[in-house]
Amino acid sequence: MNSASHPSRQSIAALLVAVFVAQSFPRSAFAQQTGAAVGQNLLQNGDFAKGSVDQPDEWRTEAWINKPEAFQAHWTAAPEGHVLEVDNLQPNDGRWMQPVSLRAGWYKFSVEVRTENVGGKESGATISVMEDGVMSPEVHGTTDWQQVAMYLEVGEHGADVDVALRVGGFGSLNTGRAFFRHAMLVPIAAPPPSATPTYDLAAIRQEAAPVPIGSPWSLLVTFIALTALAIYGWRIYGGDDVRLWPRRTAAKPAGKARR
């Protein structure tokens with residue numbers, strides 16, 4: 001009986017080990033780090049299927065010149081699915097946007113785009129992050145549907161970003177119309193070897209941050225000089241102010257009256 005039950009015990013033990021491993025590693029190590037499965041779309045309503053009255057859920061519009069005669073944006077249902085439209089009637093930087101919080105790691109941003117009369121000189125139609133120059137390859141002219149993509153690395157502290165489906169760019173205002181569908185933002189283990197363009201968000205933000213002018217030693221000398229000047233001024237002017245007040249002297253005890 002013992003010999004017959006021994007294989008059963010081994011089978012049960014193996015099954016328990018397999019269940020433990022499956023529960024311990026339901027996703028890849030990268031997915032555990034980023035808090036999302038590789039390939040999971042982090043954009044809310046990325047297919048633009050939800051919304052009402054020309055307004056898709058989770059998306060908002062912005063433009064450098066936000067006037068009806070300069071910028072229009074629409075949400076429409078087309079045979080190929082729901083579509084977001086950006087129409088720059090005048091040179092502009094118009095976009096649909098969505099804020100996203102990202103953990104450390106690599107991400108792929110992609111969208112399918114079709115254009116009509118987008119100017120060829122300034123920034124074209126892209127998916128981008130609202131950081132100077134962080135955008136996918138640009139689409140100009142009049143084109144059929146095509147996918148554009150870019151890759152972004154987020155540093156160890158994570159980052160909050162604004163994802164934009166856009167015509168034009170910062171300091172590069174453009175005209176024309178673009179249609180967007182199937183917007184995606186997915187965590188990836190790493191970009192393919194030939195992937196382009198790729199960006200390091202932490203490095204970009206560090207370069208954009210203001211830095212003190214001068215070396216640390218010159219700043220220290222300046223601080224010491226200003227401190228000394230403040231002390232000198234206090235001694236001159238502060239001392240004079242103190243001397244303006246009469247000193248209080250203790251009252252002398254009254255002497256005995258002379259007889």
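Visitor: Which side chain does D93 meet in a polar contact?
Guide: R166. The two side chains are joined by a polar contact of 2.9 Å. Bear in mind that this is a predicted model.

Visitor: Where does D93 sit?
Guide: D93 is in the loop between β5 (81-92) and β6 (94-102).

Visitor: Buried or exposed?
Guide: Buried. D93 has a relative accessibility of 5%, and the cut-off for buried is under 20%.

Visitor: What else is D93 in contact with, beyond its sequence neighbours?
Guide: Setting aside residues within four places in sequence, the contacts of D93 include E62, A63 and W64. N88 is also among them. Then there is a run from R166 through V167, G168, G169 and F170, plus L173.

Visitor: Which network of salt bridges is D93 part of?
Guide: One that links R60, E62, D93, R95, D162 and R166.

Visitor: Take R95 and E62 from that set. What is the N to O distance in their salt bridge?
Guide: 3.0 Å, between the side chains.

Visitor: Now the strands. How many bridges join β3 to β6?
Guide: 4, and the two strands run antiparallel.

Visitor: What sheet do they belong to, and in which order do its strands come?
Guide: An open sheet of 4 strands, ordered β3-β6-β10-β8, with antiparallel pairing. β3 (60-63) and β8 (125-129) each have a single partner strand, so they stand at the edges, with one side of each lacking a neighbour in the sheet.

Visitor: Which residues does R177 pair with?
Guide: E85 is one partner, with the closest N and O atoms 3.2 Å apart. That pair links distant parts of the chain: R177 is in strand β11 (residues 174-188) and E85 is in strand β5, 92 residues apart. D87 is another partner, and its side chain meets that of R177 at 3.2 Å, N to O. Here too distant parts are linked, with R177 in β11 and D87 in β5, 90 residues apart.

Visitor: How do the accessibilities look? Is E85 buried or exposed?
Guide: E85 counts as buried, at 9%. D87 is buried as well, with a relative accessible area of 8%. R177 is partly exposed, at 29%.

Visitor: Switching topic. How many aromatic pairs does the structure hold?
Guide: 1. The rings of F48 and W59 have their centres 5.6 Å apart. Their planes are at 75°, so the pair is edge-to-face, the cut-off for that being over 60 degrees.

Visitor: Last one. Is F48 buried or exposed?
Guide: Buried, at 0% relative accessibility. W59 is buried too, at 4%.

Methods. Residues numbered from 1 in each chain as written. Predicted model: local features only at pLDDT ≥ 70, side-chain atom pairs only at ≥ 80, totals over all residues. Heavy atoms only, no water. Buried < 20%, exposed > 50% of the residue type's maximum accessible area, 1.4 Å probe, protein only. Polar contact = N/O pair within 3.5 Å; in protein donor to acceptor, adjacent residues only side chain to side chain. Contact = heavy atoms within 4.5 Å. Pairing = 2+ DSSP bridges. Salt bridge = Lys/Arg side-chain N within 4 Å of Asp/Glu carboxyl O. Phe/Tyr/Trp six-rings, centres within 6.5 Å; stacked < 30°, edge-to-face > 60°.
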